[in-house]
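Reader: Could you help me read this model? I'd like to go through it slowly, one topic at a time.

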Amino acid sequence: MSSDDEREEKELDLTSPEVVTKYKSAAEIVNKALQLVISECKPKAKIVDVCEKGDSYIREQSGNMYKNVKRKIERGVAFPTCISVNNTVCHFSPLASDEAVLEEGDLVKIDMGCHIDGFIALVAHTHVLQEGPVAGKAADVIAAANTAAEVALRLVRPGKKNKDVTDAIQKVAAAYDCKIVEGVLSHQLKQFVIDGNKVVLSVSSPDTRVDDAEFEENEVYAVDIVASTGEGKVIM
């Protein structure tokens with residue numbers, strides 16, 4: 001094995017400081033991009049324009065990194081900026097021709113991703129287009145999703161199993177009189193792989209099954225939580 005091959009092998013593991021730095025850099029960029037997108041989510045804003053601003057920011061900021069290195073390092077958008085409004089569950093990335101706009105009172109789910117050398121950082125946030133505090137069912141479902149995500153993050157650690165997360169987040173949602181949406185999966189991340197082999201189910205059901213898995217040290221996961229005030233089932 002050449003020295004370059006050995007270096008590539010080491011970069012796949014979080015024990016490498018360089019890999020950790022790349023994850024952190026991608027995370028810093030995508031979190032700033034998220035703040036930009038939130039600031040652009042205003043009534044009458046065209047959704048496709050807001051999404052493009054998020055993607056452009058990620059491309060620009062990631063493009064400024066690792067310019068003067070011997071080995072070409074790919075970087076940029078790992079997952080396109082998505083803005084899913086109200087009862088649209090998630091991952092809505094509009095076509096350039098889409099004319100949809102945001103309206104006052106809309107509940108928008110934003111998700112997006114950045115990568116540096118294939119090491120991916122993903123982020124998501126729920127935002128309501130209104131002045132003042134959010135109340136009622138909207139507040140309940142946001143709190144349910146946020147609390148479930150916090151619980152999941154504490155359970156994704158060595159020795160715990162994927163089913164531990166599935167069971168826990170459903171209990172959290174029930175406490176808010178909400179349900180976790182079926183069919184939403186959390187995946188292990190690897191270099192240039194956004195949907196790894198190890199998977200966490202949002203809801204166990206006869207129609208959706210995954211292999212039992214135990215979390216191990218130095219693994220990376222994207223935790224994806226979607227809650228609903230309805231039945232938690234996706235209508236196509």
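Reader: So which domains is the protein chain divided into?

Author: The protein chain is divided into domain 1, residues 15-132, and domain 2, residues 133-235, with bounds that come from an automatic or database domain assignment. Please keep in mind that this is a predicted model, where local features need pLDDT of at least 70 and side-chain atom pairs count only at pLDDT 80 or more, while totals for chains, interfaces and linings use all residues. Residues are numbered from 1 along each chain as its sequence is written, and side-chain values use heavy atoms, with hydrogens and water left out.

Reader: And what separates the centres of the two domains?

Author: Taken over C-alpha atoms, the centres of domain 1 and domain 2 are 21 Å apart. In contact terms, 19 residues of domain 1 meet 19 residues of domain 2, where contact means heavy atoms within 4.5 Å.

Reader: How much area do they bury between them?

Author: Domain 1 and domain 2 bury about 1400 Å² between them, and 74% of it is on carbon and sulfur atoms; buried area is the accessible area (1.4 Å probe) that two parts lose on being put together, summed over both.

Reader: Which elements of domain 1 give two or more residues to that side?

Author: They are strand 1 (75-85), strand 2 (107-116) and strand 3 (119-128), and strand 3 gives the largest share, 5 residues. Helices (H or I, at least four residues) and strands (E, at least two) are DSSP runs, numbered from the N terminus.

Reader: How many salt bridges are there between the domains?

Author: The count between domain 1 and domain 2 is 0, although the structure holds 13 salt bridges, a salt bridge being a side-chain nitrogen of Lys or Arg within 4 Å of a carboxyl oxygen of Asp or Glu.

Reader: Which residue does glutamate 40 pair with, then?

Author: Glutamate 40 forms a salt bridge with lysine 53, at 3.0 Å from N to O. Glutamate 40 lies in helix 2 (residues 17-40) and lysine 53 in helix 3 (residues 47-63), so the pair, 13 residues apart, links distant parts of the chain.

Reader: New topic: where is serine 228, and what is it in contact with?

Author: Serine 228 is in strand 8 (residues 227-228). Leaving aside neighbours within four places in sequence, serine 228 is in contact with Val141, Cys178, Lys179 and Val181, and the side chain of serine 228 also reaches the backbone nitrogen of glycine 230 at 2.8 Å.

Conventions. Polar contact = N/O pair within 3.5 Å; in protein donor to acceptor, adjacent residues only side chain to side chain.
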